[in-house]
Every structure is written in structure tokens, then in C-alpha cells.
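Here are my notes on the model you sent over. I've kept them to a handful of points.

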Amino acid sequence: MRQNALLRSGKGLANPSTARKNVAHVAMVKAAPAEGREGHFAVRNGVRCAGVHLIVDLHGAEGLNDIDLIEATLRRCVNAAQATLLHIHLHHFQPNGVSGVAVLAESHISIHTWPDIGKAIPDACIPVLRKAFKAKRVEVNEILRGQDA
């Protein structure tokens, strides 16, 4: 679906908050050193791979509705990762929650700060991707998030 069609449909267009306040200080952390790089590939724990995806769930966290803090934190993450920022897009949901992405030349960093309410069907994307890109093989790794400890 093209962006214009999505906008016309009105899906996911809750009124975002435009209120901005001073950004709280977020500590800068040093980037983890890359074990090795060859072109677009990386070596992690002795394994040559096309990249690494980290899924980070924060429990008992604060400031997850503070869009200014989230933007500042994404920018600090980009710097810590020594990545190249192309664009940041954030959406503030009502009554709470933020979804956003920092698009990088290397990849992306995304954040979602609201509970998944189970309306989306992510598995339905798999055949669409397979068909669109004529994939001969598809590998899916499922990660179940937010499980009770």
C-alpha cells in the first residue's frame, strides 16, 4: 500500500501529541567494538554474518511516554553505535506510547513503548515478502517478547 493510500484510509492516524518539553539528560555509552568486518559482513562470536539484530525489552523502565527523551536517546544510540543517521520518525499515541524508527545508512533502530494488543498479524507478511522478492528460501526467527519471568 502506498503512503497516500494509507493516509486516505486513516489507519493508524491517532492525533499525535505536539507538546515538546526540555530533553532530559541521557548518559552516553561507548560503542561495543566490532570483532571484525569484511565489506558488508560482520564477524560476531566467530560467526560471519550479514548483521546482528538485538531485541531489547526494558522492564520497570521510566520515560517511555516522553517523546523528547526517546528522540534524544535514539540519537545517542546512533552515536554510540557509530552509525550514520538518515532520518528519525516518531509517533506519539494517545493516551500513551511512542513508536518510532531511526533510519540508518547501515540499518535501523526502532522503538515501541506500548503493549502489543494483538491486532496485527505479523506472519501474514511472510508470503507477501516471498512473492514480491521471488525468494527461493525464507528464514524466519520468531522471538516471543514480554513473557512472564
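1. Accessible areas here come from the Shrake-Rupley method with a 1.4 Å probe, and for residues only the protein chains shown count as cover. On that basis the chain exposes about 12500 Å², with 55% of this belonging to carbon and sulfur atoms.

2. Keep in mind that this is a predicted model: local features need pLDDT of at least 70, side-chain atom pairs count only at pLDDT 80 or more, and totals for chains, interfaces and linings use all residues. Residues are numbered from 1 along each chain as its sequence is written, and side-chain values use heavy atoms, with hydrogens and water left out.

3. The chain has three helices and six strands, in the order α-β-β-β-α-β-β-β-α from the N terminus. Both kinds are DSSP runs numbered from the N terminus: helices are H or I with at least four residues, strands E with at least two.

4. Of the 149 residues, 16% are buried (under 20% relative accessible area, 1.4 Å probe, protein chains only).

5. The largest nonpolar core has nine residues: Ile67, Ile70, Leu74, Val78, Ile88, Leu90, Val98, Ala102 and Leu104. Such a core is a set of buried Ala, Val, Leu, Ile, Met, Phe, Trp, Tyr and Cys residues joined through side-chain atoms within 4.5 Å. Helix α2 (67–80) gives the largest share, four residues.

6. Which strands pair in the antiparallel sense over three bridges? They are β2 (residues 41–44) and β3 (residues 47–49); pairing takes at least two DSSP bridges. Two residues separate them in a hairpin, and Asn45 in the turn has a positive phi of about 55°.

Technical notes
Buried < 20%, exposed > 50% of the residue type's maximum accessible area, 1.4 Å probe, protein only.
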